[in-house]
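Reader: Could you walk me through a few features of this model, please?
Author: Gladly! Have a look at it here, then ask away.

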Amino acid sequence: MSAQNKTASAAAKVRELSAEELSKKLRDNREELLNLNLRKHTGQVQNPARIRALRRENARILTVMGEKAASKN
């Protein structure tokens with residue numbers, strides 16, 4: 001599967017979630033990202049690629065939330 005197809009499928013999965021689920025997922029991701037960043041600065045992070053993945057997933061969630069908000073208006 002190409003990188004573009006992976007991105008499209010990840011975005012499609014996020015679009016299937018309700019606004020409440022998106023909000024909860026974003027909150028959980030931000031909490032995990034905070035913990036990972038704290039561990040990164042103390043040199044204890046095990047998977048530094050997870051930080052980038054979380055940032056990208058948060059961006060996807062925020063984009064979909066914006067799309068849903070715009071479609072309501």
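Reader: In which helix does N29 lie?
Author: A word on the basis: this is a predicted model, where local features need pLDDT of at least 70, side-chain atom pairs count only at pLDDT 80 or more, and totals for chains, interfaces and linings use all residues. Residues are numbered from 1 along each chain as its sequence is written, and side-chain values use heavy atoms, leaving out hydrogens and water. Helices are DSSP runs (H or I, at least four residues), numbered from the N terminus. N29 belongs to the run of residues 19-41, helix α2.

Reader: Is N29 buried or exposed?
Author: Buried means under 20% relative accessible area, exposed over 50%, and partly exposed in between (1.4 Å probe, protein chains only). N29 has 6% relative accessibility, so it counts as buried.

Reader: Which residues is N29 in contact with, leaving aside its neighbours within four places in sequence?
Author: Contact here means heavy atoms within 4.5 Å. With those neighbours set aside, the partners of N29 are L54, E57, N58 and I61.

Reader: With which residue does E57 form a salt bridge?
Author: A salt bridge is a side-chain nitrogen of Lys or Arg within 4 Å of a carboxyl oxygen of Asp or Glu. For E57, the closest N and O atoms are 3.1 Å apart, and the partner is K25.

Reader: How many residues apart are E57 and K25?
Author: E57 sits in helix α3 and K25 in helix α2. The pair therefore links distant parts of the chain, E57 being buried at 16% relative accessibility. Their separation is 32 residues.

Notes
Helix = DSSP H or I, 4+ residues; strand = E, 2+ residues; numbered from the N terminus.
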